[in-house]
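Please open the model in a viewer and follow the stops below in order. Each stop names a selection and then describes what is found there.

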Amino acid sequence: MIRLDKYLAEAGVGTRSQVKKAIRDGHVKINGEIAKHADIKVDEDHDIVQFDDEEVWFSEFVYIMLNKPQGYISASRGWDPNVIDLIAEPFRNLFPVGRLDKDTEGLLLITNDGQLAHELLSPKKQIEKEYYTEISVPLNDEDIGKIRNGITWHEETYRPAEYKKISDYSCTLTVTEGKYHEIKRMIQALGSEVTYLKRIRMKNLVLDEALKPGEYRFLSEEELNDLKAV
């Protein structure tokens, strides 16, 4: 059982103060009856809650696939502009799972599920993250061998990564670490520079091609179950 105002707030209808006002103004029904008090207890498994006659579903946790655009900081709060600012619904305690550099685009998981985030980011799990990468100078066979065997640069060691050539100036790189500027520094160690970087996959979660930069959608049940199988 959960308070009605908390139910609505956690479902993204509005802040606690906003939903309390909505309840007072008669916008909320429970099982077809207008709710009169914000502290009414709701059975989230059986009661039907409606806001302006549209059913509202409660979920303790939220899982969002965002196509991060360039220019946004991957942090929960305190930085501007912030990836959380792109989420229109007022879900609370959202944060990005890992970070993408400000000038990097692509797949970013936004959630409030700290346990799942911990599992996905744990170095022991070696979760794959795949990036579409454009570079300034083509790589030769020796360079590619170094990527596949692991690179040490400026006293920092990077695990072996998977390289797939697309063209002389583009490729995909799949890494299992989350070190700061990892892709950029690996490419710099080979005498080239990253000119464009976009994350396209995390584990088996693939960026939805229908999402334009800045757009997002909620994960499907299948996608979520796969992520949780870590």
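Select Glu155, which is placed in the loop between strand 11 (151-153) and strand 12 (156-158). Strands here are DSSP runs of E with at least two residues, helices are runs of H or I with at least four residues, and both are numbered from the N terminus. The phi of Glu155 is near 65°, a positive value in a residue other than glycine. Most residues other than glycine have a negative phi. Glu155 is exposed, with a relative accessible area of 82%. In these terms, buried means under 20% relative accessible area, exposed over 50%, and partly exposed in between, with a 1.4 Å probe and protein chains only.

The model is predicted: local features need pLDDT of at least 70 and side-chain atom pairs count only at pLDDT 80 or more, while totals for chains, interfaces and linings use all residues. Residues are numbered from 1 along each chain as its sequence is written, and side-chain values use heavy atoms, with hydrogens and water left out.

Next, select Asn31, in the loop between strand 2 (28-30) and strand 3 (33-34). Asn31 also has a positive phi, near 55°, and is partly exposed at a relative accessible area of 45%. Ile30 has Glu33 in strand 3 as its bridge partner.

Four strands form an open sheet in the order 3-2-5-6, with antiparallel pairing. Strand 3 and strand 6 (54-56) stand at the edges with a single partner strand each, so one side of each is left without a neighbour in the sheet.

Move on to strand 15 (residues 194-202), which pairs with strand 9 (residues 105-111) in the parallel sense over two bridges. Glu105 stands opposite Lys198 in strand 15.

Which strand is joined to strand 15 by two antiparallel bridges? Select strand 16 (residues 205-206), which is joined to strand 15 in this way. Arg201 is bridged to Val206 in strand 16. The hairpin of strand 15 and strand 16 has two residues between the strands, and Lys203 in this hairpin takes a positive phi near 60°.

Turn to the largest pocket, which holds about 490 Å³ of space. Its lining comprises 29 residues, of which Arg99, Tyr131, Glu177, Gly178 and Lys179 lie nearest the centre. Helix 3 (114-121), strand 10, helix 5 (182-189) and strand 15 are the elements that give two or more residues to this lining. A pocket is an open set of points on a 1 Å grid over the protein atoms alone where a 1.4 Å probe fits, with protein on both sides within 12 Å along at least five of seven lines; lining residues have an atom within 4 Å of a point. A volume is the space filled by probe spheres set on the points, which are joined across faces, edges and corners.

Finish at the second largest pocket, with a volume of about 340 Å³. Select Ser59, Phe61, Val62, Tyr63 and Phe218, which lie nearest its centre among 15 lining residues. Helix 6 (residues 221-228) gives the most to this lining, with three residues.

Conventions: Two strands pair if DSSP finds at least two bridges between them.
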